[in-house]
Amino acid sequence: KTRASMMPGQTQDANSKPQTLNFQQALDLAVKHYQAGNLSKAENIFNQILQADSNQPQALHLLGVIAYQGGDNERAAELMEKAITNHPDYAEAHSNLGNVLKKLGKREEAVICYEKVISLKPSDAEAHNKLGVIFKELGQLERSVASYEKAIALKPDYSNAYNNLGIVQKKLGNSDEAVGSYKKALQYDPNDSAAHNNLGLALTKLGRLEEAIECFEQADIDHSRP
């Protein structure tokens, strides 16, 4: 008997003949494995897909994410850039490429990626928050504040953005405003040990030592959570 030729994502049950998946089914199966954390299986199918279509953007992007998770940032950037070349409006790929470039220390290029995400998805609060982080690292504190405030306007319960905003406000010498931002962060995420610690530091700066001690103690409690 002649065995059916193997297509991307071909599967076989113990009591049945091999099942050849079509292209979309193979892609869906690879994504399913990726989402389940079965990265080696996902990678194998994505590579088979790229043998059939070397420009398939989702396969390129998610292979890039897998490379990033494995610490191969240069390879991740290469794959994500190719995905974007073939699908310029792929917002998720722009966002993840920004993450990779940030990791590589290419902050100005990361800014371009996050700004592209925002141009494609203006209501993406996470992209505004990520942009705020980059602007802070570049020393552009006022732009950082504006980005965090935009993220919060889009997502009023965004605890991480409040915490990040507080960090920049404190750097700008606005400790009172920072205290307010940290408290907002803790309102939406009471177990955020970083926000407790940051609040304690801001209160210390303001001479409110007893309150600060309580925050540091709470931060220690949170660090010990399982």
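A term to begin with: buried means under 20% relative accessible area, exposed means over 50%, and partly exposed is in between, computed with a 1.4 Å probe on protein chains only. The model is predicted, so local features need pLDDT of at least 70 and side-chain atom pairs count only at pLDDT 80 or more, while totals for chains, interfaces and linings use all residues. Residues are numbered from 1 along each chain as its sequence is written, and side-chain values use heavy atoms, with hydrogens and water left out.

I call it a salt bridge when a side-chain nitrogen of Lys or Arg is within 4 Å of a carboxyl oxygen of Asp or Glu. By that rule there are seven salt bridges.

Take E126 and K130, whose closest N and O atoms are 3.5 Å apart. Both residues sit in helix α7, residues 125-137, four residues apart, about one turn of the helix. Helices here are DSSP runs of H or I, at least four residues, numbered from the N terminus. E126 is partly exposed at 44%, whereas K130 is buried at 15%.

Next, E78 and R75 form a salt bridge at 3.3 Å, N to O. They are three residues apart in helix α4, residues 73-86, so about one helical turn separates them. E78 is partly exposed at 48%, and R75 is partly exposed at 36%.

Then R208 and E211: a salt bridge, with the closest N and O atoms 2.9 Å apart. R208 is partly exposed at 28%, and E211 is partly exposed at 33%.

Methods:
Helix = DSSP H or I, 4+ residues; strand = E, 2+ residues; numbered from the N terminus.
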